[in-house]
Amino acid sequence: MATNRTFTMIKPDAVEKNYIGGILKMINEDGFKIVAMKYTKLSKEQASAFYEVHKERPFYGELVDYMSSGPIVAAILEKENAVEDFRKLIGSTNPADAAEGTIRKIYAASIQANAVHGSDSDENAKIEGDFHFKATEIFA
Ligand code: CDP
Ligand code: MG
């Protein structure tokens, strides 16, 4: 059964280009409520752990370097059918394939620097949210 939360990060390239406001506006206008949020920076160790599922992929090392290269915004979002709806709002991993009007189509620079993260399952949404936030930092 679908739960009502997903986890997102606004990635270093999008923060650097001052896209935080534009991306948060799209998230709010699509009906997501922000229940937790922080401006932070991942250490190499944290980025390695967060993306551990990709450690055998050829892009893992570069992904870790990139995700720890500058500040990010991390947030937990709430909406009915949150995981699936948010994946729709962000669009395909490669911005060249992303649908018109999606966050990645508008804001992503490349397949690596693709502006935002979105959880791919309810299970991972919970794991990823817990990675960044304590229970006392979540306001439902
Ligand atoms: O983020 P998403 O779930 O759409 O894609 P993923 O397959 O889970 O990959 C995680 C992240 O790795 C992507 O968002 C990209 O930043 C990066 N990536 C990459 O650098 N090169 C690829 N060929 C695929 C993904
Ligand atoms: Mg993924």
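The radius of gyration used here is taken over C-alpha atoms, and the globule rule is 2.2 Å times the number of residues to the power 0.38. This is a predicted model, in which local features need pLDDT of at least 70, side-chain atom pairs count only at pLDDT 80 or more, and totals for chains, interfaces and linings use all residues. Residues are numbered from 1 along each chain as its sequence is written, and side-chain values use heavy atoms, without hydrogens and water.

**View 1. The overall fold of the protein.** Seven helices and four strands make up the protein, in the order β-α-α-β-α-α-β-α-α-β-α from the N terminus (DSSP runs, helices H or I of at least four residues, strands E of at least two). Its radius of gyration is 14 Å, which agrees with the value near 14 Å for a compact globule of 140 residues. The C-alpha trace spans about 35 × 35 × 30 Å along its principal axes.

**View 2. The shell around ligand 1.** Look for Lys 11, His 54, Phe 59, Leu 63 and Ile 111 among the residues that surround ligand 1 (a heavy atom within 4 Å). The shell divides into three nonpolar, four polar and three charged residues.

**View 3. Side chains facing oxygen atoms of ligand 1.** Polar side-chain atoms lie 2.5 Å from a ligand 1 oxygen atom for Thr 93, 2.8 Å for Arg 87 and 2.9 Å for Asn 114. The protein covers 82% of the 510 Å² of accessible area that ligand 1 has on its own (Shrake-Rupley method, 1.4 Å probe).

Definitions and conventions
Chains lettered and ligands numbered in written order. Polar contact = N/O pair within 3.5 Å; in protein donor to acceptor, adjacent residues only side chain to side chain. Nonpolar A, V, L, I, M, F, W, Y, C, P; charged D, E, K, R; others polar.
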